[in-house]
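Work through the exercises below with the sequence and the model open. Each task is followed by a solution in steps.

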Amino acid sequence: MKVTLKNLTKEFPSRNKKQPKPVVAVNDFTLEIENGMLIALLGPSGCGKSTTLNLLSGLQKPTGGEIYFGDDDVTNLPPENRGVGLVFQNYALYPHLTVKQNITFPLENRRGKDKLTKAEMSEMATEVARLVQIDELLDRKPSELSGGQQQRVAIARALVKQPRVLLLDEPLSNLDARLRLQTREEIRRIQRSTGITTVFVTHDQEEAMSISDMIVVMKEGVLQQKGRPQEVYDDPCNLFVAKFLGTPPVNVFDGEIKGGKLYIGNEAVMSFDAPDGAVDVAIRPEGFTLEGEGCFTCSLDRVEVMGRDISVVADHSASQNEVIRAIVDSDNLDTLKGDKVVFGLKPNKVYVFNKTTGERI
Ligand code: ADP
Ligand code: MG
């Protein structure tokens with residue numbers, strides 16, 4: 001099912017008398033999600049991810065704009081008529097019901113021609129339970145399950161209605177690190193095998209990058225950039241997006257354009273065709289090299305060996321980060337001596353931004 005969000009806006013009235021302006025949680029948000037895609041809505045806490053999801057599910061009504069599922073305008077449809085499956089951070093299972101009863105719960109109140117027999121419901125529950133690999137656990141109560149298993153039950157319950165769209169709001173946040181990794185792979189596998197158009201909300205960039213076909217980065221209710229994870233990582237449209245993606249984080253410096261060259265401190269690090277003036281420069285950790293002649297001198301703090309690669313921790317007076325982290329090939333270990341390091345830079349890993357607007361130059 002193709003999903004279209006058109007100029008979607010959601011305002012909440014301010015409860016603060018000194019600041020009577022409404023909170024714009026989602027601001028003129030336009031996005032097309034192709035049929036069968038898994039997209040991640042990514043951004044810091046409070047940027048409007050959950051509100052966007054709630055608008056998609058119908059739990060909240062937009063202040064402006066429209067939502068389409070395929071060609072159907074669903075903007076004013078109540079949640080139960082939209083055909084969405086919802087999974088939240090808190091699994092919210094019924095503790096007194098078995099796993100199977102929890103899964104069939106959304107099917108119980110179907111009436112008229114949609115009414116299902118016990119046997120039909122049981123078969124549907126077993127089928128989705130098999131899909132999320134909890135078919136052995138159908139007779140247990142939620143308290144007898146691990147967090148990861150409980151979240152699978154919640155996913156099964158969302159899937160049993162055969163939703164047109166699956167909406168997941170930080171579904172992995174309550175799981176420990178290992179389960180989080182495993183469950184995100186599971187979600188990817190389930191999404192692939194069902195082909196259900198899925199919107200996955202997270203504040204964790206690594207999670208978003210690793211499982212989605214497309215990431216959509218949000219800040220303060222406004223869509224910043226959308227694209228395939230690698231595309232957005234390689235080609236950030238502004239400093240916010242550059243900083244939000246990547247571990248270790250991108251290294252940011254005060255820089256200057258002068259006579260067609262980009263300066264950091266008093267060194268010209270590369271040619272750059274833009275008007276003279278102060279800029280912000282962001283360099284990915286993998287954008288530094290130690291081969292050939294260097295152009296960018298930093299003070300060397302320490303070296304951390306990580307097997308194939310080494311992490312060079314350095315500093316520079318123009319650095320906006322606490323430390324500079326460069327990831328280089330371990331073959332270069334011998335060259336790292338003394339209290340200075342002279343890096344070369346890979347031009348495609350160096351991004352230059354307008355100091356005032358943060359837009360990429
Ligand atoms: P996220 O899920 O990205 O953390 P939310 O969508 O929950 O962000 O919230 C976006 C903004 O809208 C925040 O500033 C939040 O305080 C505000 N907000 C969310 N829900 C309400 C509400 N029901 N009433 C007033 N403000 C709200
Ligand atoms: Mg949220």
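The model is predicted.

**Exercise 1. Follow strand β17 and its partners.**

Task: Find which residue of β18 is the bridge partner of V313, then describe the pairing on either strand partner of β17.

Solution. 
Step 1. The bridge partner of V313 in β18 is R325.
Step 2. β18 covers residues 324-329, and six bridges connect this strand to β17 in an antiparallel arrangement.
Step 3. β17 is also joined to β16 (residues 296-306), here by seven bridges and again antiparallel. Within this pair, V303 is opposite V312 of β17.
Step 4. β16 and β17 form a hairpin with two residues between the strands, where G307 has a positive phi near 85 degrees.
Step 5. As for burial, β17 (residues 309-315) is mostly covered, with five of its seven residues buried.

**Exercise 2. Describe the nonpolar cores.**

Task: State how many residues the largest nonpolar core has, and which element gives the most to this core.

Solution. 
Step 1. The largest nonpolar core has 33 residues. Those with the most contacts inside this core are V99, I103, V132, I134, V153, L159 and F200.
Step 2. Two or more residues each come from α2 (99-108), α3, α4 (147-159), β7 (165-169) and α5 (177-194).
Step 3. The most comes from α4, which gives six residues.
Step 4. Take L159 as an example. Beyond its neighbours within four places in sequence, L159 is in contact with V128, L131, V132, L166, I190 and I196.
Step 5. A second, separate core has 29 residues, including L262, V281, L290 and L345.
Step 6. Return to α2, where V99, N102, I103, T104, P106 and L107 are buried. The buried residues of this helix pack against α3 and α4.

**Exercise 3. Account for the contacts of N238.**

Task: Locate N238 and list what its side chain reaches on the backbone.

Solution. 
Step 1. N238 sits in the loop between α7 (229-234) and α8 (239-244).
Step 2. With 6% relative accessibility, N238 is buried.
Step 3. A polar atom of the N238 side chain lies 3.2 Å from the backbone nitrogen of F240. The side chain also reaches the backbone nitrogen of V241, at 2.9 Å.
Step 4. Leaving out residues up to four places away in sequence, N238 touches Q224, F353, G358, E359 and R360.

**Exercise 4. Check the cysteines.**

Task: State how many disulfides a search of the whole structure finds, then examine C47 and C298.

Solution. 
Step 1. The search finds zero disulfides.
Step 2. For C47, the nearest cysteine sulfur is that of C237, 14 Å away. A disulfide requires sulfur atoms within 2.5 Å, so C47 is in no disulfide.
Step 3. C47 is buried, at a relative accessible area of 2%.
Step 4. For C298, the nearest cysteine sulfur belongs to C295 and is 9.6 Å away; C298 is in no disulfide.
Step 5. C298 is also buried, with 2% relative accessibility.

Notes:
Residues are numbered from 1 along each chain as its sequence is written. Chains are lettered from A and ligands numbered from 1 in the order in which they are written. This is a predicted model: local features need pLDDT of at least 70, side-chain atom pairs count only at pLDDT 80 or more; totals for chains, interfaces and linings use all residues. Side-chain values use heavy atoms; hydrogens and water are left out. A nonpolar core is a set of buried Ala, Val, Leu, Ile, Met, Phe, Trp, Tyr and Cys residues joined through side-chain atoms within 4.5 Å. Buried means under 20% relative accessible area, exposed over 50%, partly exposed in between (1.4 Å probe, protein chains only). Helices (H or I, at least four residues) and strands (E, at least two) are DSSP runs, numbered from the N terminus. Contact means heavy atoms within 4.5 Å. A polar contact is a pair of N or O atoms within 3.5 Å; within protein, one must be able to donate a hydrogen and the other to accept it, and residues adjacent in sequence count only if both atoms are side-chain atoms. Two strands pair if DSSP finds at least two bridges between them.
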